[in-house]
Amino acid sequence: MAKVLVIGGAGYIGSHVVKALLKSGHGVAVYDNLSTGQKINLFKEAEFIEGDILDTAALQKAMSGGFDAVVHLAAKKAVGESMEKPEIYSTNNICGSLNILNAMVGCGVRNLVFSSSAAVYGMPEYLPIDEKHPFHPLNYYGFTKLEIEKYMEWYSRLKDFRYMALRYFNAIGYDAEGDIRGREIGSQNLLPIVMDVAAGRREKLSVFGRDYETRDGTCIRDYVHVSDLARAHVLAIEKLMAGAESDSLNLGTGKGTSVDEMIQAAEKVVGRKLNVEYAGRRAGDPAVLVASYDKAKKVLGWEPAYTDVEEIIRTTWNIE
Ligand code: UD1
């Protein structure tokens, strides 16, 4: 069994990773500054250290707890904001990640599972997107994830250090057992906004573009359940500890769902029509993003358990 430090473990994806690790019998400590993470997402079985990845002394201290592996999910992730305030993303995502890498090599912690993103690829040149697809991020957020992957690659050559970068496509859903209930606050992503409309916290949903070359004109994405993502982190740690080489892996379902289809599925789940308006395109949105997860299947033996978006949306509606 591994002893794992989950940085960003009070956040949306991080809390699901903590649950999956605990469920598999691993020891867990969470390091989180609670900027977007929430105390309600913490598990009593996991030690909690409140700290920031920009506080190198606190990070070093936390890292010296005799860990076998680190999962790093502490990042800013609002694509639009990253284009307006790149300096925040440089500091938090890039400098913060370098602090983590340096603390790891300083404390002799060898294995890192890193929360990367489909945003490293940019406009798809072919579909489904596999890991050999060229990297042309369309936004600064995606650029920061790509840069961190490059730093990890260098550290793996130069130091006793190994990593798995997990490139998530669109993470949605909540723990089906209801153990994680911290609703994301202020998220700019589609499903949280749909849920805000459904729950009456927001008046309407704007659909960004219906003139794309897709089956109904709205953008298509690959929505993957957060508990499936979480399970991949556990497998990645176990593989690294068993001697696997460093790697970068896509995590998606291989299935695309349009914005209109998401709305229809959500309407079925909540049992009524939602207030939707059609607006113009959002800058930098590719028409279609769908993953090939063949490599994750081969390397980790991972496959998504959830493939039906309606079922996934229901796990989110359950926490309302
Ligand atoms: C983006 C990143 C993804 C990242 C995620 C984290 C890209 C290409 N993708 O996903 O890698 O992990 O952010 O935040 O950079 N939409 C609406 N109305 C809304 C909100 C969204 O129509 O109010 C549409 C978008 O145009 C898009 C889809 O819903 O087609 C999903 O959007 P969103 O949830 O923001 O995620 P991505 O931009 O796909």
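**Reading a ligand shell and a cavity**

Guide: Strand 8 gives the most to the shell around the ligand, with 4 residues. Helices (H or I, at least four residues) and strands (E, at least two) are DSSP runs, numbered from the N terminus. Residues are numbered from 1 along each chain as its sequence is written. This is a predicted model, where local features need pLDDT of at least 70, side-chain atom pairs count only at pLDDT 80 or more, and totals for chains, interfaces and linings use all residues; side-chain values use heavy atoms, with hydrogens and water left out.

Visitor: Which residues come nearest to the ligand?

Guide: A residue is near a molecule if one of its heavy atoms lies within 4 Å of it. Here 24 residues are around the ligand, and Ser117, Ser206, Arg221, Arg282 and Asp285 come nearest. Helix 6 (190-198) and strand 8 (205-208) each supply at least two residues of the shell.

Visitor: How many residues of the shell are nonpolar, polar and charged?

Guide: Ala, Val, Leu, Ile, Met, Phe, Trp, Tyr, Cys and Pro count as nonpolar, Asp, Glu, Lys and Arg as charged, and the others, Gly among them, as polar. The shell has 14 nonpolar, 6 polar and 4 charged residues.

Visitor: Which polar side-chain atom lies 3.0 Å from an oxygen atom of the ligand?

Guide: A polar contact is a pair of N or O atoms within 3.5 Å; within protein, one must be able to donate a hydrogen and the other to accept it, and residues adjacent in sequence count only if both atoms are side-chain atoms. The atom belongs to Asn189. The protein buries 93% of the 750 Å² that the ligand exposes when taken alone. Such areas come from the Shrake-Rupley method with a 1.4 Å probe; for residues, only the protein chains shown count as cover.

Visitor: Is Asp285 buried or exposed?

Guide: Buried means under 20% relative accessible area, exposed over 50%, partly exposed in between (1.4 Å probe, protein chains only). Asp285 is buried because its relative accessibility is 14%. Asp285 sits in the loop between strand 13 (276-279) and helix 9 (294-300). Its side chain makes a polar contact of 3.1 Å with that of Arg282.

Visitor: What about Lys23?

Guide: Lys23 has 63% relative accessibility, so Lys23 counts as exposed. Lys23 belongs to helix 1 (residues 12-23).

Visitor: Which residues line the largest cavity?

Guide: Rolling a probe the size of a water molecule over the atoms shows where empty space is left. On a 1 Å grid over the protein atoms alone, a cavity is a set of points where a 1.4 Å probe fits but cannot get out; lining residues have an atom within 4 Å of a point. Tyr223, Thr253, Lys255, Thr257, Thr307 and Val309 line the largest cavity.

Conventions
1 Å grid on protein atoms, 1.4 Å probe; cavity = no way out; pocket = protein on both sides within 12 Å on 5 of 7 lines; lining within 4 Å.
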